[in-house]
Amino acid sequence: METLFGIVVDGVTYGMILFIISVGLSVTLGLMRVVNLAHGAFAMVAGYVASYAAQGLGLPYAVGLVAAILFTVLATLPLEKLLYRRIYGSANELAQVLLTIGLTFVIVAGINYLFGPTLKRIPLPDALLGTVAIGPKSIPVHRAFVIAMGAATVLGLWWLLERTDFGIKLRAAVDDPNMAAALGIRTERLYTATFALGTGLAALGGVLGAELLPLEPYYAIRYIVLFLAVVAVGGAGNILGLAAAALALGIVDTAGKYLIPSFGEFFFYAALILILFRWPHGFFQGRAA
Amino acid sequence: MGAVATGQTPQAAARAPRLRRALGGAVVPLLAAAGLAAFWLFPNDLGLMTRIAATALYVLSLDLVLGFGGIATLGQAAMFGSGAYAAGIAAVHLVNDPLVLLAVGGLAGGLVALVTGALILHARGLTLLMLTIAVVQIVQEVVNKARDLTGGSDGLSGIEPSPLFGLFRFDMFGRTSYLFALAVLLVGFLVARRIVRSPFGLACRGVKEDPLRVAALGGSPRRYLVTLYAVAGVFAGVAGALTAVTSGIVGLDSVSFSWSAEALVMLVLGGAGRLVGAVIGTVAFMTIHHVMAAIDPFHWMLFIGLFLMGTVLFLPGGIASLADRFIKGNRT
């Protein structure tokens with residue numbers, strides 16, 4: 001019972017982090033058809049900025065979080081103009097994989113040059129230390145905070161996509177970019193805005209998840225497989241499907257590590273193969289990328 | 001027939017100068033000559049050069065899958081590692097004839113490719129990419145778990161092949177190893193070229209260009225791709241076995257996601273879709289890597305990252321296409 005509780009709390013926390021980071025990847029993949037392997041690198045950059053803000057400059061956690069998101073979005077927008085625009089919707093997945101892997105390598109080398117190869121931490125404020133009681137059990141405040149932020153992200157994105165003008169245009173462009181453009185939707189601007197949104201979410205996840213996915217220069221390469229797996233299972237461009245996929249994979253992975261630790265990531269990938277074998281376009285029928 | 005085999009329209013083939021065809025025929029003798037010249041010129045680097053030859057065979061297998069079948073994969077190391085471990089385990093427990101070990105490796109690589117290929121090749125795009133990654137991760141976990149056989153994270157050692165043909169011992173300077181690896185690479189290259197130019201190879205190209213049309217003509221795209229994947233798996237398995245036999249050890253990194261990605265980088269560096277591109281790319285990558293990684297692995301990553309981006313943006317065909325442009329007078 002104790003173990004089950006631990007698995008659920010840690011699994012849901014982990015799943016929320018996976019969701020926040022992967023959702024940006026999912027939307028850019030659904031809309032722009034870009035397999036953006038540099039997405040994890042963006043999350044890593046934000047984590048390093050937040051870590052520097054907290055440890056180097058002594059800023060409060062919340063300020064560091066906002067600064068990291070702003071910095072990452074502003075730093076990657078030129079990349080969108082210069083690089084990504086050339087490979088949008090390209091039928092050549094290989095070119096996309098190579099360009100974004102190349103970008104990842106450059107960011108990894110840059111981060112190492114600036115911050116060194118050691119593990120970086122983002123110290124938590126006092127408000128996030130300690131535990132909070134839920135009924136008879138108690139869970140760490142940080143975990144509760146991450147879960148709450150994840151839930152807020154799901155709701156916020158749902159509202160943004162279902163209830164706003166931007167969301168309607170975005171969904172139209174995901175479904176049929178050509179028709180959307182013909183109807184007068186300025187897809188170029190939409191792409192830029194979506195890219196910024198995706199990067200911002202990656203940044204948020206990178207900072208929030210620094211406890212679970214430790215910050216070091218190889219972060220960008222080590223975890224991108226996880227994020228891609230979530231997108232593949234959730235279906236590109238499908239927000240609720242992605243949330244379900246992230247939670248399911250997070251819980252499966254955590255359960256595997258709790259119950260049979262010596263098998264490592266085996267269960268994560270076994271689940272991935274089983275699901276993708278049965279539902280090749282993702283559990284919830286996203287668009288085939 | 002010849003026009004299709006070189007991947008051009010008949011008109012372009014008719015215009016292609018004789019020089020190109022002459023170069024095409026001379027590729028294998030040139031490779032052999034370059035390999036032997038390197039043997040005399042760099043007697044102190046035979047270990048590295050042996051590794052390059054074995055890796056070139058591995059990248060060649062990726063070229064078959066990706067360049068000729070259009071299957072974007074990040075899991076080729078699953079077959080390489082299976083071949084390496086199968087040969088290594090066989091060498092420790094059963095036989096130690098180097099040629100038999102290569103056969104064992106090829107069989108293992110082919111079997112793994114056949115089984116996993118039949119499972120995953122119905123998918124496309126990102127899903128397929130993810131499935132190939134998942135396969136390589138699972139194979140790695142299995143190898144890691146089977147400590148009794150594979151040595152787990154310590155690696156498998158104690159592979160001592162008997163003399164080649166009962167005549168040539170594997171000496172400590174690596175001379176036999178290098179010449180053996182070079183010979184296997186050349187044979188592999190010839191076999192791969194034969195496959196690529198066969199009706200089966202052409203059918204695979206057809207699937208890459210337009211699977212719907214192949215299906216409409218009565219072929220089964222998936223069956224072609226699974227067969228091609230299995231054949232390439234044999235090549236990767238032999239390459240793994242070759243590495244195991246010549247180096248005497250097999251490690252977990254031989255069946256890792258990053259080893260798959262490195263193969264992809266080497267292939268793109270050289271130029272996918274042409275066999276000689278795989279060899280050129282491997283030699284270039286491994287040599288530069290050897291020189292630069294000795295200085296600082298992160299500088300190396302910066303270099304290779306900028307290089308990859310530059311290739312996609314400015315030179316989509318890789319190094320091998322430079323020669324084309326030169327010969328064709330820069331028509332593209």
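The model is predicted, so local features need pLDDT of at least 70 and side-chain atom pairs count only at pLDDT 80 or more, while totals for chains, interfaces and linings use all residues. Residues are numbered from 1 along each chain as its sequence is written, chains are lettered from A and ligands numbered from 1 in the order in which they are written, and side-chain values use heavy atoms, with hydrogens and water left out.

I begin with the interface. Taking contact as heavy atoms within 4.5 Å, chain B contributes 31 residues and chain A contributes 39 residues. The buried area, that is, the accessible area (1.4 Å probe) that two parts lose on being put together, summed over both, is about 3400 Å² between chain B and chain A, and carbon and sulfur atoms give 86% of that area. On the side of chain B that touches chain A, the elements giving two or more residues are helix H8 (125–145), helix H14 (257–270) and helix H16 (297–314) of chain B. Helices here are DSSP runs (H or I, at least four residues), numbered from the N terminus. H8(B) supplies the largest share of that side, 14 residues. By class, the side comprises 24 nonpolar, 5 polar and 2 charged residues; Ala, Val, Leu, Ile, Met, Phe, Trp, Tyr, Cys and Pro count as nonpolar, Asp, Glu, Lys and Arg as charged, and the others, Gly among them, as polar.

How many salt bridges are there between chain B and chain A? The count is 0, where a salt bridge is a side-chain nitrogen of Lys or Arg within 4 Å of a carboxyl oxygen of Asp or Glu.

Over all chains, the structure holds 5 salt bridges. One of them joins Arg143(A) and Asp10(A), at 2.7 Å from N to O. Because Arg143(A) lies in helix H5 and Asp10(A) in helix H1 of chain A, the pair ties together parts that are 133 residues apart in sequence. Arg143(A) is buried at 19% relative accessible area, with buried meaning under 20%, exposed over 50%, and partly exposed in between (1.4 Å probe, protein chains only). In another salt bridge, the closest N and O atoms of Lys257(A) and Asp253(A) are 3.1 Å apart. These two residues are about one helical turn apart, because they are separated by 4 residues in helix H11 (residues 239–259) of chain A. Lys257(A) is partly exposed at 39%, whereas Asp253(A) is buried at 2%.

Thr76(A), in helix H3 (residues 61–87) of chain A, is buried at 4% relative accessibility. A polar atom of its side chain lies 3.2 Å from the backbone oxygen of Val73(A). Leu275(B), in helix H15 (residues 275–293) of chain B, is buried at 8%. Leaving aside neighbours within four places in sequence, Leu275(B) contacts residues including Leu60(B), Phe68(B), Phe189(B) and Val196(B).

Methods:
Polar contact = N/O pair within 3.5 Å; in protein donor to acceptor, adjacent residues only side chain to side chain.
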